[in-house]
Amino acid sequence: VPSTRVELTVSCRQLLDRDTFSKSDPVCVLYTQRPGSHQWREFGRTEVIDNSLNPDFLHKFVLDYCFEERQNLRFDLYDVDSKSPDLSKHDFLGQAFCTLGEIVGSAGSRLEKPLTGVPGKKCGTIILLAEELGNCRDVATLQFSANKLDKKDFFGKSDPFMVFYRSNEDGTFTICHKTEVVRNTLNPVWAAFAIPVRALCNGDHDRAIKVEVYDWDRDGSHDFIGEFTTSYRELARGQSHFNVYEVVNPRKKMKKKKYLNSGTVTLLSFAVEAEHTFLDYIRGGTQLNFTVAIDFTASNGNPSQPTSLHYLSPFQLNAYSLALRAVGDIIQDYDSDKMFPALGFGAKVPPDGHVSHEFPLNGDASNPACCGIAGVLEAYQCSLRRVQLYGPTNFAPVVNHVARSAATVLDGSQYFVLLIITDGVISDMAQTKEAIVNAAKLPMSIIIVGVGQAEFDAMVELDGDDIRISSRGKVAERDIVQFVPFRDYMSGGPGAGLSMAGLAREVLAEIPDQLLSYMKARGIKPSPIPPMSPETPP
């Protein structure tokens, strides 16, 4: 399911002039690639703008945006000379390549790139602006109370709860919310609840919303007290005499002439606000900080032997390098300085050969950051020649290393992602759990990629998808660990048809929701999009 849709607006400045007597008549053609394929397919074209070297195209491209995929884009510009749809009949003005993540991850989601492709000529620049399409992201918060409901229980009063239904196009109803039960009262006050406006009315503010009131019974045979209907538009008026509803039981009404109602329900409060998305935070300037930690324990095998997981072959990347590339290539689009701290653990390090569980791959303890994913790979390969693989496999030190950085910026301007690549035999489970429970309060997520053929039971336990992780009776306040076994993405032996796009998708899929869960828990709203500088055209 695409997480969201993004609208791209294209402008160019100082295009090549290919027409003798007038200016060029540019059109922009967008090409995309399917995940895992290198073939470019035409996605769409803008309109043609006559006689302009600085076009602002009106036609927008609407793309499904998935954070966890590398979505490659290519923009080709042509000077249109005739009505022919065949692009080879028109003059090529230049092209630009980027990823959708690069546009979204730029300041204000606005990316400017030079056009290239015409030898010996300056082709001008292309300006790409991404905007998330609103699909009614509003969330309504409502609170109700009731008065003088019918007494249904022989011994006490009633135990009332309400069920909300939205109406469908065909007149049927779909349940969309159930309140909690308030025990033993005919005048309940229910807790406020939040519900997406989409769920209440699917964007149609006049569509009927039906509410049924019941008396809860332990055996599940809840007694019907009565019902009323309203609409989103009515509720949105907030607390007023319009929002006091008679609860009516139709069967009683038919039987008894004097029947008025079975009580009333009153709307106590109504508020609505937009649900923020991952993109809102990225566009507001939240940076993702990416740290890598690599397992240098002896269980990986002697790096000089081809059977080792750390073997550096001149012909192909090993599993550690592949996993690093797959994840790093996507995450680097969201990190403006492209400097990635890279650590190793479980090796004896020079000069004195002591065992370290957080040594810098580049050898610089004061600044373990490497330049780009290429820099991390290079530092990793140098380290392999410098250190002696040893043990044990301790995760807690690198988790705490990143947690210390994350603890210094709690305002939502930065979010930390730690990638641990390991052969999976963990020695300090209790300390690691403790470190993760503490880290769950911080703006950070942990991705564990397991390489090799070991049993990864311990890793599955750390990935709190089924059972939330706990330590010494404290439960992690959010799930921040995602574990993926690398072998699931190695098809047909090493190097053959590696589904790297699939690995990256699986590894990164939970990050947007984990970032949102942190922001929500801390009540952090996205910053407004930074204003553009005056000299840049809108």
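**Grounds for the terms**

Colleague: May we begin with a loop residue: where is Ser52 found?
Modeller: Ser52 is found in the loop between strand E3 (40-45) and strand E4. The model is a predicted one, in which local features need pLDDT of at least 70 and side-chain atom pairs count only at pLDDT 80 or more, while totals for chains, interfaces and linings use all residues. Residues are numbered from 1 along each chain as its sequence is written, and side-chain values use heavy atoms, with hydrogens and water left out.

Colleague: Why is Ser52 called buried?
Modeller: Buried means under 20% relative accessible area, exposed means over 50%, and partly exposed lies in between, with a 1.4 Å probe and protein chains only. Ser52 has 13% relative accessibility and therefore counts as buried.

Colleague: Which residues does Ser52 touch, and what lies 3.1 Å from a polar atom of its side chain?
Modeller: Contact means heavy atoms within 4.5 Å. Leaving aside residues up to four places away in sequence, Ser52 touches Leu15, Lys23, Ser24 and Pro26. The backbone nitrogen of Asn54 lies 3.1 Å from a polar atom of the Ser52 side chain. A polar contact is a pair of N or O atoms within 3.5 Å; within protein, one must be able to donate a hydrogen and the other to accept it, and residues adjacent in sequence count only if both atoms are side-chain atoms.

Colleague: What makes the strands around E4 a sheet, and in which order do they stand?
Modeller: Strands are DSSP runs of E with at least two residues, helices are runs of H or I with at least four, and both are numbered from the N terminus. Two strands pair if DSSP finds at least two bridges between them. Here 4 strands form an open sheet in the order E4-E1-E8-E7, with antiparallel pairing. Strand E4 (61-65) and strand E7 (110-114) are the edge strands, since each pairs on one side only.

Colleague: How do you know that E7 and E8 pair?
Modeller: E7 and strand E8 (residues 125-132) are joined by 5 bridges and run antiparallel. Leu111 has Leu128 in E8 as its bridge partner.

Colleague: What makes the pair Lys113 and Glu102 a salt bridge?
Modeller: A salt bridge is a side-chain nitrogen of Lys or Arg within 4 Å of a carboxyl oxygen of Asp or Glu. In the pair of Lys113 and Glu102, the closest N and O atoms are 3.2 Å apart, and a salt bridge is formed. The pair links distant parts of the chain: Lys113 is in strand E7, Glu102 is in helix H1 (residues 100-105), and they are 11 residues apart. Lys113, with a relative accessible area of 22%, is partly exposed, and Glu102, at 23%, is partly exposed as well.

Colleague: Which residue forms a salt bridge with Lys252, and how far apart are the closest N and O atoms?
Modeller: Lys252 forms a salt bridge with Asp150, with 2.7 Å between the closest N and O atoms. Lys252 is in helix H4 (residues 250-255), whereas Asp150 is in the loop between strand E9 (138-147) and strand E10 (160-167), 102 residues apart.

Colleague: Why is Asp150 called buried, and why is Lys252 called partly exposed?
Modeller: Asp150 has a relative accessible area of 15% and so is buried. Lys252 has 25% relative accessibility and so counts as partly exposed.

Colleague: How do you know that Arg478 has no salt bridge?
Modeller: The nearest side chain of opposite charge to the buried Arg478 is Glu477, 6.0 Å away. Lys and Arg count as positive and Asp and Glu as negative; His and the chain ends are not counted. The side chain of Arg478 does make a polar contact with the side chain of Tyr415 (2.7 Å), and the backbone oxygen of Met444 lies 3.5 Å from a polar atom of the Arg478 side chain. Arg478 lies in the loop between strand E27 (474-475) and strand E28 (481-485).

Colleague: How many helices, strands and salt bridges are there in total?
Modeller: The chain comes to 12 helices and 28 strands, and the structure holds 20 salt bridges. Of its 538 residues, 51% count as buried.
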